[in-house]
Amino acid sequence: MEKSREVESRITRRSVLKGAAFASAGLVIGFSLPQRSFSNSQSVQETFGPNAFLRVARDNSVTIISKHVEHGMGIFTGLATVIAEELDADWSQVKAEPAPADADLFKNLAFGIQSTGGSNSMQNSFLQYRRAGATARAMLVEAAAARWRVASAEISIDKGIVMHEASGRTASFGELVDQAAALPVPEDVPLKDPSRFRLIGRDDGTVKRLDSPAKTNGTALYGIDVKLPGMLVAVVAHPSRFGSTVRSFDDSETRQIPGIVDVVEIPTGVAVLAESFWAALKGREKLRVDWDETAAEKRGTDEIISNHRALLDQPGNVARRDGDVETALARAAKTVTADYSFPILAHAPLEPVACVARLSSDSCEVWSGDANVTPLQMKIAATLGFRPDQVEIHAVFAGGHFGRRNETALEAVEIVKAINGRAPVKLQWTREEELQNSVYMPMYLHRATAGLDDNGNLIAYSHRIVGKSLLLDSPEFAAQFVVNGTDFTSVVGLATTSYDIPNILVESHNAVVAMPAATWRSNYNKTYAIETFLDQVARAAGRDPYELRRSLLARDPREKKIDVLSVPEPVKDHIFAEHPRELRVLELAAQRAGWGEAMGPGRGRGIALAYAYSTPVAQVAEVTVADDGKIKVDRIVCAIDCGVAVNPDVIRAQMEGSIAFTLGSALHSEITMTGGAVDQSNFHDFQVMRIDEMPKVEVHIVPSAAPPTGAGEPGGVPVAAAVANAVFAATGRMYQSLPFGTV
Amino acid sequence: MATTLTLNGEGVSFDVDPETPLLWVIRETAGLTGTKFGCGAGLCGACTVHVDGSPVRSCTIALGDVQGASITTVEGASGDLAEAVRKAWIALDVVQCGYCQSGQIMAAIALLEQTPHPTDADIDDAMSGNICRCGTYQRIRAAIHLTARTIEG
Ligand code: FES
Ligand code: FES
């Protein structure tokens with residue numbers, strides 16, 4: 001039919017990168033990265049690319065190369081803002097596209113590998129991209145100075161126009177490309193004084209998201225949209241119990257379905273390949289697989305909970321010890337204790353896994369929105385017996401990540417390998433698989449105990465956590481972030497509390513569960529536990545929760561003597577927020593929310609604080625509890641200090657989004673298992689937030705000149721606790737087991 | 001037997017299994033990939049298209065059931081209202097990952113056709129079948145109100 005268009009027409013090795021960013025990339029012409037050139041490289045002189053992070057074309061466009069995958073957090077826009085700022089480009093001439101896989105050039109400076117996560121995309125790139133922009137600017141100035149035979153100091157750039165004021169001469173970037181490209185790349189170019197920023201921090205609607213047009217007209221390209229000539233669609237029969245393997249399978253009925261091309265075994269199951277998704281799905285229904293469940297997880301959630309509970313009674317790996325908690329608790333006038341349980345959670349990004357792999361005798365290409373580019377490239381190379389540079393990864397837009405879309409293309413590669421590369425393969429997961437065969441935020445149990453003295457002062461605090469380690473399954477991260485048996489991701493937020501309590505003990509156990517674990521956007525269970533516990537302590541002590549927190553934040557936590565702190569070496573020195581950044585966001589949120597003002601019957605206000613992803617964030621929640629116990633979250637006031645706010649509106653959007661993500665899970669989401677198999681199958685029984693439950697979110701960003709810190713996840717860290725504390729204020733009942741349900 | 005229908009204003013004919021959900025015919029056969037797959041069960045709204053002007057989950061309707069119908073996808077959504085919705089979406093930078101947004105926009109256009117000045121409750125009613133995992137709901141609501149204001153002139 002006429003409207004039919006093969007996406008292939010825009011998927012050449014080069015253009016898929018552009019296609020992913022923008023459907024019409026205009027006249028941008030290929031350029032060479034220092035160590036790798038694209039296939040259709042044309043005259044280098046037609047563009048000017050002084051480094052791997054940008055190029056300027058004769059058509060005046062400035063294309064920034066994002067080393068981070070765009071999962072929706074606005075990083076393309078953010079990195080483009082940073083480069084355009086230093087370059088003095090006009091915002092309208094800026095575009096962005098994803099980087100190829102090349103760890104040397106594009107590693108995340110916080111991880112040492114090319115990877116997007118941990119809310120550090122802007123944090124680790126800010127200076128690097130500023131330098132890239134400033135270097136390009138210096139070369140354009142130099143080129144203009146040479147052309148006009150004037151001193152470079154007399155040249156200025158305003159909104160993409162290079163000027164020599166005295167003579168009135170001007171040139172566009174495009175006109176200077178050839179000359180600039182011929183110059184040596186200068187080193188140590190000075191950066192702009194932040195007082196002269198005109199794009200960074202701009203909040204008047206000038207700096208819009210670069211991906212909005214493509215994402216509102218259907219042209220944005222995701223893994224699910226990639227189509228190559230001759231491509232087959234594969235769906236995989238996965239085992240219902242984690243850790244099962246294929247013993248044998250019978251595909252005789254499957255092969256009778258029209259459109260089925262092949263059925264192959266792969267390490268994770270049996271793949272059905274067909275000419276269309278629908279044929280593949282119908283073929284899978286007819287497939288009979290005999291699973292070897294010898295090593296499979298056969299426990300149900302209840303049994304896993306009992307196993308975790310047994311560990312909760314035993315001392316664990318010490319993550320932090322200050323003073324002597326046992327003695328202080330024995331002496332306390334009053335003790336408070338609370339157990340918490342957090343369910344298994346699926347990430348459920350709206351785009352189920354969808355990626356494409358193509359294999360030839362000496363190269364493999366994949367198209368995916370996967371975050372862990374370097375580990376993915378290494379694993380694909382190992383699977384195929386290739387060198388990493390024989391594996392090309394085309395990053396496309398990801399339909400959400402949230403901790404789930406890490407190395408999903410590996411399975412597509414296993415399939416294309418199993419058919420000896422005779423056709424490119426698109427791997428397509430269903431929603432059911434996303435809930436039943438995926439990676440998960442594991443279940444956690446916590447126990448908190450506090451001791452109060454006669455005056456209601458908090459003198460001892462002990463906290464024990466039991467849950468599967470997120471990182472022990474990933475050697476490339478475990479090496480850095482598991483210390484003395486303590487997985488940093490299990491204890492961060494608790495072991496790193498800056499509350500000034502004389503005696504503190506934080507311990508953890510790494511429970512063994514066969515279900516694969518992966519971090520989860522905002523990973524908020526620790527903050528939930530400590531921040532709701534604090535309100536229970538405040539009530540026991542007869543103190544106002546906000547005032548109690550203020551008093552515990554009076555002193556700089558770095559002055560405190562800590563006996564044991566099992567945290568990764570690289571983060572040791574910045575475990576705590578600079579004092580008093582936390583106090584400031586707490587006070588700002590309380591003030592903007594009208595803390596202390598009277599509320600009507602059935603209504604409550606709660607406050608919570610987090611220092612997460614190097615960012616202090618505080619929130620006040622307002623709730624209404626109906627007579628039938630149903631809670632409605634009316635309003636969230638959020639105060640955040642994430643350093644320089646590169647794109648304030650993107651930061652607000654990230655606060656809104658992460659609040660919705662966490663709140664939906666706290667209200668509804670839960671994965672349970674019976675006999676090792678997940679009970680939930682789709683969005684009817686794995687419930688997430690919908691528009692009717694979205695509270696009004698107000699975001700207040702603390703003005704700051706400090707380097708940027710995390711913004712994608714911090715907003716989701718304190719919100720569930722703030723809401724629970726609000727319900728506690730309204731009803732006296734504290735949710736200690738999530739999801740909330742009704743009171 | 002081929003199924004004949006109108007897709008984005010053009011008469012087309014598909015010679016595929018009439019039981020195939022419309023979604024996959026639109027995406028794989030017609031090659032219009034703006035319409036997304038999120039759940040395959042009518043629970044998320046990512047696949048929302050207009051069938052004879054009404055919003056429909058294209059994952060739960062078979063090709064054979066839309067014989068002779070007029071289908072509009074996000075690529076074909078045009079006219080003053082559709083353009084105003086898109087403009088509002090861009091003005092407020094609603095999108096994040098963007099994956100749900102084709103469905104959100106199609107649902108919003110259908111809502112505004114029926115109810116030019118929706119209240120928050122109208123919006124909740126019409127849009128609660130459309131999941132956004134990125135949590136863009138506050139802006140979706142604002143963009144619908146903004147469209148209502150601009151259309152009014
Ligand atoms: S894909 Fe159709 S409603 Fe979810
Ligand atoms: S923008 Fe990502 S699911 Fe809605």
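Author: The lining of the second largest cavity is made up of nine nonpolar residues, one polar and one charged. This is a predicted model. The volume of this second largest cavity is about 60 Å³. I304(A), H308(A) and I344(A) take part.

Now widen the view. The structure has 10 cavities of 30 Å³ or more. The largest cavity holds about 100 Å³ of space. Its lining counts 15 residues. Closest to the centre are F342(A), P343(A), L345(A), Y524(A) and N525(A). Sorted by class, the lining of the largest cavity has 11 nonpolar and four polar residues, with no charged ones. The lining of the second largest cavity, by contrast, includes one charged residue.

Helix α7(A) gives the largest share, five residues. By class, the lining of this pocket has 14 nonpolar, six polar and five charged residues.

Turn to the sheets of chain A. One is an open sheet of four strands, in the order β27-β28-β29-β32, with mixed pairing. Why is one side of β27 (603-612) and of β32 (696-701) in chain A left without a neighbour in the sheet? Both stand at the edges with a single partner strand each, so one side of each has no neighbour there. From one strand to the next, the twist averages 15 degrees.

Look at one pair within this sheet. Strands β28 (residues 615-625) and β29 (residues 631-640) of chain A run antiparallel and are joined by nine bridges. Opposite Q619(A) stands C638(A) in β29(A).

Two helices lie across these strands. Helix α18 (residues 581-593) of chain A lies across β27, β28, β29 and β32 of chain A. It runs at about 30 degrees to β28(A). Helix α19 (residues 648-667) of chain A lies across β28, β29 and β32 of chain A. Helix α19 runs at about 135 degrees to β32(A).

Chain A also has an open sheet of three strands, ordered β5-β6-β7, with antiparallel pairing. Its edge strands are β5 (155-158) and β7 (169-172) of chain A, each pairing on one side only. Here the twist averages 25 degrees from one strand to the next. Four bridges join β5(A) to strand β6 (residues 161-164) of chain A, and the two run antiparallel. D158(A) stands opposite I161(A) in β6(A). Helix α4 (residues 121-148) of chain A packs on this sheet and touches β5, β6 and β7 of chain A. Its direction makes about 125 degrees with that of β5(A).

Last, the confidence. The model scores ipTM 0.98 and pTM 0.94. Chain A has a mean pLDDT of 92, and 94% of its residues reach 70 or more. Over residues 1-45 of chain A, pLDDT stays under 50. For chain B the mean pLDDT is 97, with 99% of its residues at 70 or more.

Technical notes:
Residues numbered from 1 in each chain as written. Chains lettered and ligands numbered in written order. Predicted model: local features only at pLDDT ≥ 70, side-chain atom pairs only at ≥ 80, totals over all residues. Heavy atoms only, no water. pLDDT = per-residue confidence, 0-100. 1 Å grid on protein atoms, 1.4 Å probe; cavity = no way out; pocket = protein on both sides within 12 Å on 5 of 7 lines; lining within 4 Å. Points joined across faces, edges and corners; volume = space filled by probe spheres on them. Nonpolar A, V, L, I, M, F, W, Y, C, P; charged D, E, K, R; others polar. Pairing = 2+ DSSP bridges. Axes fitted to C-alpha atoms, helices over the stretch in contact; angles between N-to-C directions. Contact = heavy atoms within 4.5 Å.
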